Amino acid sequence: MIQAIAGDQALKGRRIIKSRGTGEEHWRTDFLGKPRDGGGIKNEPQAFLIEMHAGESILPHFHEVDQFQIFVAGSGGMGRHAAATLAVHFAEHHTGYGPINAGPQGYSYFTLRARSDPGAHYLHRPGYREALKPSCKRHGVAAGITLSTEPVLMDRKEAGVERLLQDLDGSDGLGASLIRMGPGMGHTGPDPRATGGLYYLVLNGGLELNTGGYSAWSTVFVPRDDNPLAFKAGAKGLEVLLLQFPRNSPEQSPTNS
């Protein structure tokens, strides 16, 4: 079943939490799913926003499921590389990354998962090697993404799709792209059955579904057994990220408990 939540509605649930890795506090907003702490992988999506304090660092770690992270506000970097305000990061399951370092104005990012992760394994803690499992170790960042100004987006005459993370695209459905549409334009997304599920994250303008309108930071999840999503741009156009997860391999089949 397709799940959608408006950004302004989700942000009413913003709260302060303590990082399991460092003990530092930052803000978290859950968009889809709930926080997990232990247990097995579940066939349910997770989407949440982390808003880091100025100068905060999230230490290197890995997760048991594939995930996208989308940096949407502030500034900072990941590992040795600086990342622009708007950037997309993909990390395959059991692939270490980090640290994530916030600049003086903080750093905010979405984490999107098609399957629910039981929690991070931090590389500075004993026992992380025992939790590692084989993977292709696909990991990459698409930075320098630029959004349109309002008049330019509203004046757009044709829809456009820009591929991101092209070096990581594969025959297993993995992919990321930015869709730009003028006011009222229609679009139908790819077949989710060729993927492991996919997300649409609204960055600019508005996305119109039969359930209503969704403005910036609204999040839509389409499971792999659903139909392609048909949608329209709102009155001010639309710029939306399409994030496609790879199909699950047999050895990565999650538990349903």
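Mentor: A nonpolar core is a set of buried Ala, Val, Leu, Ile, Met, Phe, Trp, Tyr and Cys residues joined through side-chain atoms within 4.5 Å. Buried means under 20% relative accessible area, exposed over 50%, partly exposed in between (1.4 Å probe, protein chains only). This is a predicted model: local features need pLDDT of at least 70, side-chain atom pairs count only at pLDDT 80 or more, and totals for chains, interfaces and linings use all residues. Residues are numbered from 1 along each chain as its sequence is written, and side-chain values use heavy atoms, without hydrogens and water.

Trainee: Which residues have the most contacts inside the largest nonpolar core?
Mentor: Phe68, Ile70, Val88, Phe110, Leu241 and Leu243 do, in a core of 31 residues. Another core lies apart from it, with 18 residues, including Ile179 and Tyr214.

Trainee: What makes phenylalanine 110 and tryptophan 217 an edge-to-face aromatic pair?
Mentor: Rings of Phe, Tyr and Trp (its six-membered ring) pair if their centres lie within 6.5 Å; planes under 30 degrees apart are stacked, over 60 edge-to-face, the rest tilted. Here the centres are 5.7 Å apart and the planes make 85°. So the pair is edge-to-face. Both residues, phenylalanine 110 and tryptophan 217, are buried.

Trainee: Why does the pair tie together parts that are 107 residues apart in sequence?
Mentor: Because phenylalanine 110 lies in strand E10, and tryptophan 217 in the loop between strand E17 (212-214) and strand E18 (219-222). Strands (E, at least two residues) and helices (H or I, at least four) are DSSP runs, numbered from the N terminus.

Trainee: How many aromatic pairs are there?
Mentor: The structure holds 9.
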